[in-house]
Amino acid sequence: MVDASQQFEEQGRHAVAPQRDVGAALAALSEEDLLRLRVIAKLRARSLPDGMSWSDLLHEAVLRALTGARPWPPGVSLLAFLAGVMRSLCDEQWRRHRRQDRLPILHGSGEADDPERACAAAEALVAVQRLFASDEAALKVITGLISGMAADDIRRHYGLTTVEYDTTRRRIRRTLLRHHLARSWP
């Protein structure tokens with residue numbers, strides 16, 4: 001006799017419809033069902049920030065279903081499943097758009113835009129600013145350096161003496177080293 005946990009485990013292993021079933025189910029869709037999918041894709045795509053077309057959205061949803069990247073759960077209609085995949089894709093597009101809006105723009109870096117590096121830089125900057133949140137002098141120096149100001153300009157702009165500036169730079173460097181954040185500190 002099979003206990004309940006073994007039965008649940010057995011059901012969990014077979015919870016995903018085989019990929020060939022997705023293809024067969026897609027081929028068996030009626031014209032009305034295909035029209036519904038197009039309408040859903042058009043409604044979802046019209047609010048996307050980066051202008052993804054409705055056909056791209058629909059094709060991406062179908063591709064993810066066919067490749068198994070998005071498994072089709074048993075007991076869910078193919079239309080409802082694909083509509084859910086399209087909703088997830090739209091959410092993913094919005095998250096990516098919001099993340100891009102928050103990334104700092106690095107002027108004069110001379111390098112091609114690399115979203116991954118920009119995201120890592122933004123996260124590191126937030127960590128550094130959080131680390132020095134209670135150190136006003138350090139935040140002034142950091143802000144000046146981020147802005148690309150020279151040492152003389154930072155001192156003049158924030159009213160720091162040479163000794164104050166140098167002491168603050170050393171304190172920043174030691175703190176960053178202690179917290180393993182000093183890989184490329186100027």
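Select D135 and A138 to start: a polar atom of the D135 side chain lies 3.1 Å from the backbone nitrogen of A138. The model is predicted: local features need pLDDT of at least 70, side-chain atom pairs count only at pLDDT 80 or more, and totals for chains, interfaces and linings use all residues. Residues are numbered from 1 along each chain as its sequence is written, and side-chain values use heavy atoms, without hydrogens and water.

Stay on D135, in the loop between helix 6 (115-131) and helix 7 (136-146). Helices are DSSP runs of H or I, at least four residues, numbered from the N terminus. D135 counts as buried because its relative accessibility is 18%; buried means under 20% relative accessible area, exposed over 50%, partly exposed in between (1.4 Å probe, protein chains only).

Next, select V39 in helix 3 (residues 31-45). V39 counts as partly exposed, at 42% relative accessibility.

Finish on helix 9, residues 162-178. Its 17 residues reach 24 Å from first C-alpha to last, close to the 24 Å expected at 1.5 Å a residue. Select the buried residues of helix 9: Y165, T168, I172, T175 and L176. Seen down the helix axis, they fall within an arc of 100°, so they line one face of helix 9. On the other side of helix 9, V163 and R178 are exposed.

Notes
Helix = DSSP H or I, 4+ residues; strand = E, 2+ residues; numbered from the N terminus. Polar contact = N/O pair within 3.5 Å; in protein donor to acceptor, adjacent residues only side chain to side chain. Expected span 1.5 Å × (residues − 1). Arc of directions from axis to C-beta.
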